[in-house]
Amino acid sequence: MNSNFSFSSFSEKSLSFIKSLFQSFSYLFFPPSCIVCGEIAEHSLCAVCKSKIDFIQSLPHCKRCSLILHENVECPDCANFELNFSRLVSLFSYSDYGEFVLRKIKFEGKLFVLEAFTYEIQEVVSSIDFDIIVPVPSYISRFVKRGYNPALSMASLFSKISSKPVVFALEKIKNTPSQLDIPKEERLSNPRGAFSVVRNVEGKKILLVDDVATTCSTLSECSKVLREKGADDVIAFALARTPLLR
C-alpha cells in the first residue's frame with residue numbers, strides 16, 4: 001500500500017464530491033435563496049445581507065493575525081501568544097451577520113455560500129505567494145458523521161481561483177472538541193498534539209486554510225508541525241476571525 005495514502009483525506013474528497021454533485025442537481029429544481037433574508041440570490045447570499053457583514057479589511061485590524069482592533073492598540077494575541085504562521089488573512093468578523101453566515105456553512109453544510117466570497121478570495125490570492133493549499137482536517141469520525149469539511153471546500157475554491165494544488169498534508173490524530181464549544185482559557189492547549197504531517201512539504205510555501213480562527217491555536221499548531229517537517233513558509237487563512245471580546 002502507498003505509504004502516502006490517507007484514509008481520512010480519501011474520504012473527505014469522495015464525500016465532498018458526492019455532496020457537491022447532489023447540490024448541483026438540486027439547484028435545477030430549487031433556485032437558491034439568501035440564507036439570511038430568504039430572497040432569491042446567487043450562491044444563497046444576497047448583496048444586501050452580504051453588505052451587512054463586518055469585513056475585516058474595512059476595519060482597524062492587526063496586519064499579522066487579522067484581529068479587529070481599536071485604533072492604536074497593540075494586538076494582544078500577537079503580543080501574548082506564540083503564533084507559528086507568518087500571518088493570518090481573514091475575511092470577516094465572527095459576529096452578527098458574519099457569525100450567522102459562518103454557522104450556516106460550518107454546522108448546516110451550506111457550502112455553496114462560499115462562492116459568494118469568490119471576489120474577496122481572489123483578492124487574497126493576488127496578495128500572497130504560495131505553492132500548495134493545505135486544508136485543516138477534521139477528525140475522521142467527526143467528518144464521517146457530518147459528511148463534509150468546510151476547510152476542504154474553501155481549499156478547493158482557492159485551488160480553482162489560483163490553479164495551485166490542494167495537498168492533504170495534515171491528518172488529525174486526536175479527537176478534540178470544537179474551539180467554539182469550549183471556554184477561552186482551554187482553547188490554547190486544545191489542539192496540541194492533534195495533528196501530524198502525512199505528505200512531503202519540505203521547501204513548500206503553504207497556504208493553510210480553515211473556516212474560523214478563535215485564538216488561532218489550531219492554525220498555529222498546524223503551522224508548527226508543517227514547519228517542523230521542512231515547510232518554507234506557512235500563511236494561514238480563515239474565513240472568519242473571532243473578535244477580541246468573545
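Q: Which residues is Met 154 in contact with, leaving aside its neighbours within four places in sequence?
A: In this predicted model, Met 154 is in contact with Leu 114, Val 209, Asp 210, Asp 211, Phe 237 and Leu 239. Contact means heavy atoms within 4.5 Å.

Q: Before we continue, what should I know about the model and the numbering?
A: Residues are numbered from 1 along each chain as its sequence is written, and side-chain values use heavy atoms, with hydrogens and water left out. As the model is predicted, local features need pLDDT of at least 70 and side-chain atom pairs count only at pLDDT 80 or more, while totals for chains, interfaces and linings use all residues.

Q: Where is Met 154 found, and is it buried or exposed?
A: Met 154 is found in helix α7. Its relative accessible area is 1%, so Met 154 is buried. Buried means under 20% relative accessible area, exposed over 50%, and partly exposed in between, with a 1.4 Å probe and protein chains only. Helices (H or I, at least four residues) and strands (E, at least two) are DSSP runs, numbered from the N terminus.

Q: How far apart are the C-alpha atoms of Met 154 and Asp 210?
A: They are separated by 7.7 Å, although the two residues are 56 apart along the chain.

Q: What about Val 209: which residues does it touch, not counting those up to four places away in sequence?
A: Val 209 touches Ile 133, Val 134, Pro 135, Val 136, Ala 151, Met 154, Ala 155, Phe 158 and Phe 237. Val 209 lies in strand β5 and is buried, with a relative accessible area of 0%. Its C-alpha atom is 9.4 Å from that of Pro 137, which is 72 residues away along the chain.

Q: Which way do the residues of strand β2 point?
A: Ile 132 and Val 134 point one way, Ile 133 and Pro 135 the other, and all are buried. In a regular strand the side chains alternate between the two faces of the sheet.

Q: How many bridges join β2 to β5?
A: Four bridges join these strands, which run parallel. Two strands pair if DSSP finds at least two bridges between them. Val 134 stands opposite Leu 208 in β5.

Q: Turning to the core, which residues touch the most other members of the largest one?
A: They are Leu 45, Phe 92, Phe 117, Phe 158, Leu 207, Phe 237 and Leu 239, in a nonpolar core of 39 residues. Elements that each supply at least two residues of this core include β1 (87-93), α4 (96-108), α7 (150-162) and β6 (233-241). A nonpolar core is a set of buried Ala, Val, Leu, Ile, Met, Phe, Trp, Tyr and Cys residues joined through side-chain atoms within 4.5 Å.

Q: Which residues is Phe 117 in contact with, beyond four places in sequence?
A: Phe 117 is in contact with Leu 45, Lys 50, Ile 53, Phe 55, Leu 91, Phe 92, Val 101 and Leu 239. A second, separate core of 30 residues includes Leu 67, Leu 69, Val 197 and Ala 213.

Q: How many salt bridges does the structure hold?
A: It holds seven. A salt bridge is a side-chain nitrogen of Lys or Arg within 4 Å of a carboxyl oxygen of Asp or Glu. One of them joins Glu 120 and Lys 50 (3.2 Å, N to O). Glu 120 lies in helix α5 and Lys 50 in helix α2 (residues 47-51), so this pair ties together parts that are 70 residues apart in sequence. Both Glu 120 and Lys 50 are buried.

Q: What does Lys 106 form a salt bridge with?
A: Its partner is Asp 211, and the closest N and O atoms are 2.9 Å apart. Lys 106 lies in helix α4 and Asp 211 in strand β5, so the pair ties together parts that are 105 residues apart in sequence. Lys 106 and Asp 211 are both buried.

Q: One more helix: how many residues of α9 are buried?
A: Nine of its 12 residues are buried, so α9 is mostly covered. Helix α9 covers residues 217-228, and Gly 230, which follows α9, has a positive phi near 100°.

Q: And for the chain overall, how many helices and strands are there?
A: There are nine helices and six strands. Of the 246 residues, 52% count as buried.

Note on methods: The expected span of a helix is 1.5 Å times one less than its number of residues.
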